[in-house]
Amino acid sequence: MGEIALLGLEFYGRHGVMPEEGRLGARFVVDLWLSVPFEGKGDRLEETVDYAAVYALVEEAVRHRRFYLIEALADHLAEELLKAFPRLQAVRVRVHKPHAPIPGVFRDVSAETQICRSYGRFFPPSCAHGQAVVGCPRP
């Protein structure tokens, strides 16, 4: 099973529980790991996943939808990616909110989820943090 990574997709969105976050918006960063069986399939786009279409799906959700929680945004992206791209066997999504309204010094806040088409949902660290989502053991 192959893995395609799209890392550092940056968008301006209006997600968060505070009214100001909906009004003013902020920068959000999305990382994706897509498991797709592309080995030995040749050199045709139809044999893998179109990165531009993946980007467009993520952009639409982050820029034009409103979520109170980045956890909900990550979950929505994972579900929609599996629906839109039948060749995907698993997906891992991490949404960063580097400018979260937290009173203190911090580098980043992120939420991560992953779904394996054959097993369902997994929660990090069961098969995350640098490991491929393919072949994840059942929780």
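Predicted model: local features only at pLDDT ≥ 70, side-chain atom pairs only at ≥ 80, totals over all residues.

Me: How many of the residues of strand S3 are buried?
Reply: Strand S3 covers residues 90-96. On one side lie Ala90, Arg92, Arg94 and His96, and on the other Val91, Val93 and Val95, all of them buried. In a regular strand, side chains alternate between the two faces of the sheet. Both faces of S3 are covered, and the count of buried residues is 7 of 7.

Me: Which residue of S3 is the bridge partner of Asp31?
Reply: Strand S2, residues 26-36, is joined to S3 by 7 bridges, and the two run antiparallel. The bridge partner of Asp31 in S3 is Arg94.

Me: On the S4 side, which residue is the bridge partner of Ala90?
Reply: S3 and strand S4 (residues 110-116) also run antiparallel, with 7 bridges between them. Within S4, Ala90 has as its bridge partner Cys116.

Me: Which element supplies the largest share of the largest nonpolar core?
Reply: This core has 31 residues, and those touching the most other members are Val30, Leu32, Leu34, Leu77, Leu81, Val93 and Val95. Strand S1, S2, helix H2, helix H3, S3 and S4 each supply at least two of its residues. The largest share, 7 residues, comes from H3.

Me: Against which elements do the buried residues of H3 pack?
Reply: H3 has 15 residues and reaches 21 Å from first to last C-alpha, close to the 21 Å expected. Its buried residues are Ile70, Leu73, Ala74, His76, Leu77, Ala78, Leu81 and Leu82. They pack against S2, H2, S3 and S4.

Me: Why is Phe11 classed as buried, and what is its relative accessible area?
Reply: Phe11 is found in strand S1. Leaving out residues up to four places away in sequence, Phe11 touches Ala26, Arg27, Phe28, Tyr55, Val58, Glu59, Val62 and Arg63. Buried means under 20% relative accessible area. Phe11 counts as buried because its relative accessible area is 5%.

Me: How far apart in space are Phe11 and Glu60?
Reply: In sequence, Phe11 and Glu60 are 49 residues apart. From C-alpha to C-alpha, the distance between Phe11 and Glu60 is 9.7 Å.

Terms used:
Residues numbered from 1 in each chain as written. Heavy atoms only, no water. Buried < 20%, exposed > 50% of the residue type's maximum accessible area, 1.4 Å probe, protein only. Helix = DSSP H or I, 4+ residues; strand = E, 2+ residues; numbered from the N terminus. Pairing = 2+ DSSP bridges. Core = buried A, V, L, I, M, F, W, Y, C linked by side-chain atoms within 4.5 Å. Expected span 1.5 Å × (residues − 1). Contact = heavy atoms within 4.5 Å.
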